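Thanks for coming. Please have a look at the sequence and the structure before I start.

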Amino acid sequence: MGRKRRLEATGSAKGYGARMTFQDKPNKKPGRIVMIYPQQGFSGTYVKHMPLSLLYAVSEAVKAGYDAVILDTRVAPDWKGDLRRLLAEGTLCVGISVMSGAPIRHAVAIGRFVKSLAPDVPVVWGGPHATFDPLSILSGDPNCDYVVSGYGAHTFHLLCDALAAQKSPSDIAGVSWREEGGIRSNAKPAKSFEHIDFRDIPYRLISDYGVYGQLGQGRRIFSMYSAYGCPYRCSFCSSPAQYAEIDGKKWLALSATEVVDHIEHVVKTYGANYIYFIDDDSFPSLKHVEAVIDEIAARSLAVKLGFRGARINEILRMSDEFLDKLTRAGTDILHIGAESGSDRILALLRKDCTSEDILACNRKLARHAEITAAYNFIMGVPTETLDELKATRDLMLRLVEDHPNCLVFPPNTFRPLPGTELYELATREWKRPMPASLADWENIEVEGSFSGAWQDRKKQSFGHLLLIASYFVDNKAARVKPGLGWFGWLAKAIHFVYRPFALFRLRHGFDAWLWEYPVYRLLSRLLSRFNTSA
Ligand code: B12
Ligand code: SF4
């Protein structure tokens, strides 16, 4: 089937002029792989990092000789035109990387568009949603043919070989597909971490790294791992489920030499000046991070650093000297899971800390203000009471009071992800069917409606207030850089005018007539749409 498809597609490209085909280049693999990054939810309007997921997923296939192209719809204003041209040139398959939530909607639209032009080109989904719930994809989207769950590089290479040879993927671990009117699945959790040598990451597939970044900061951000996995078991998080079957230790640090060789490579080849460590958690071993920053200093690499995985119990272990060293190394942000102001909820979430610990860490971090302490929160977990939500409100206010330069991220609305401990609790507690279909997953947005029907009206209303006020509780607007133009000025103006009212509402729990919430929903939808063209 793969060969037939390819020939048809190549045939349709005749009017396009001569591009080499498989037959012309016997050393090349058949057909081209088109890897697509869909538009993200609201958070994707202000953070657009390079689509590392696609670079990783396609790396082995590219190494084996497949021709591949990356189409990032977030930064391609005419992605449909681009895709139309690509499909006309002979395509082995289209791969899409999908997170749960809003990206599903766009991935479905991409699949529909592909099939409307080239019904025989297989569409493959991979990424976090494909890992957590592959069957919801195949049963919910008739245009998706294959789903790759878990680590993608090896599996996707094997799948491409199977497609090229017109074989069933029945012997490929990690793939789910449709066959004889039913759905078959070989998805199972990985036994070991995937390791891709940085020299095999096909960075060259992206021609312009200047389009990526966040909030108009004008940095050349490169995302990378310094460690794989996570040794903790936070009950809401998908990572423990993902690593459940990993043999041996659940956290594996890469050597400082390897990490810094990688950094040196992207600095020298692509002009990277900011390294964003996407580790689930970088700090289970402080020595690991210390070795990395020592090596960066030894090679005099001019990069700033950001870490997305830091835990309160780890920050408690950091000395002022360690934090000074992180600062000298150019670290400007630590993403920290504070999650809740209630000790009962913190214990339920298995955060291994109390709200007092969070405050103590925050005071410590206030002494190192060049590093932005950026706190994540979660709300709406099963059994959480209104008073416990208010404790989170109190914690947010205290954090900013003690450390005016900290960042309070908009709280994530709890989503019951299959395989997590809280999924089980939510099922028992709420006695409602959990999200199951693709449409369910598309609509359960962390930044969106406060778990809808799962919460009583009072909690919903307070949750909405917490979400709105979180945008104003700290000095976010002051951080908006001039590079954002009119959007930046608008954000600053809204902040200036509305902040006192938001703080009044928050402090007094005044969530009546919360007209701001529908306005926020409308604006966030408009911004997501304005940013993209579905
Ligand atoms: C960067 C990032 C983002 C960026 C977006 C990505 C970008 N490029 O700009 C931003 C900041 C916008 C973002 C937002 C969110 N994110 Co996020 N994010 C990440 C992060 C830190 C790195 C992603 C990455 O590049 N990973 C590296 C690549 C190599 O790994 P990978 O994506 O898993 O890809 C592998 C496989 O999945 C597979 N694969 C991936 N794509 C494809 C495609 C094909 C065709 C195939 C065959 C295989 C395949 O192969 C790859 C190699 O093995 C991950 C954590 C992590 N370490 O992965 C979280 C993570 C993906 N995010 C997560 C979450 C929860 C969110 C938010 C909900 C949080 C929030 N409140 O903001 C939002 C919601 C996004 C939305 N729904 O719109 C979860 C995913 C949960 C889920 N079920 O989707 C993760 C896993 C973190 C976690 N452990 O909770 N995120
Ligand atoms: S929330 Fe972070 S620390 Fe907790 S299990 Fe998930 S990745 Fe690990």
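This is a predicted model: local features need pLDDT of at least 70, side-chain atom pairs count only at pLDDT 80 or more; totals for chains, interfaces and linings use all residues.

Start with ligand 1. There are 44 residues around ligand 1, and the closest of them are Gly41, Gly95, Gly101, Gly126 and Gly152. Several elements give two or more residues to this shell, including helix H3 (52–63), strand S4 (91–97), helix H5 (102–117) and helix H8 (153–164). By residue type, the shell around ligand 1 has 20 nonpolar, 19 polar and 5 charged residues.

Now the strands. Strand S6, residues 146–148, and strand S7, residues 175–179, run antiparallel and are joined by 3 bridges. S7 is also joined to strand S8, residues 182–185, by 4 bridges, again antiparallel. Which residues pair with tryptophan 177? Tyrosine 146 stands opposite tryptophan 177 of S7, and in S8 the bridge partner of tryptophan 177 is arginine 184. S7 and S8 make a hairpin with 2 residues between them. In that turn, glutamate 180 has a positive phi of about 45°.

Last, the helices. The axes of helix H10, residues 256–270, and helix H11, residues 286–298, come within 9 Å and cross at roughly 45°. H10 and H11 are therefore oblique to each other, and their crossing is right-handed. On the H10 side, the contact is made by Ala256, Thr257, Val259, Val260 and Ile263. H11 brings Ala291, Val292, Glu295 and Ile296. Of the residues in this contact, 7 are nonpolar, 1 is polar and 1 is charged.

That is what I have for today.

How values were computed:
Residues are numbered from 1 along each chain as its sequence is written. Chains are lettered from A and ligands numbered from 1 in the order in which they are written. A residue is near a molecule or strand if its C-beta atom, placed from the backbone, lies within 6 Å of it. Ala, Val, Leu, Ile, Met, Phe, Trp, Tyr, Cys and Pro count as nonpolar, Asp, Glu, Lys and Arg as charged, and the others, Gly among them, as polar. Axes are lines fitted to C-alpha atoms, for helices over the stretch in contact, and angles run from 0 to 180 degrees between N-to-C directions. Angles under 35 degrees count as roughly parallel, over 145 as roughly antiparallel, 65 to 115 as roughly perpendicular and the rest as oblique. A crossing is left-handed if the near helix is turned anticlockwise from the far one by less than a right angle, and right-handed if clockwise. Two residues are in contact if their C-beta atoms, placed from the backbone, lie within 7 Å. Two strands pair if DSSP finds at least two bridges between them.
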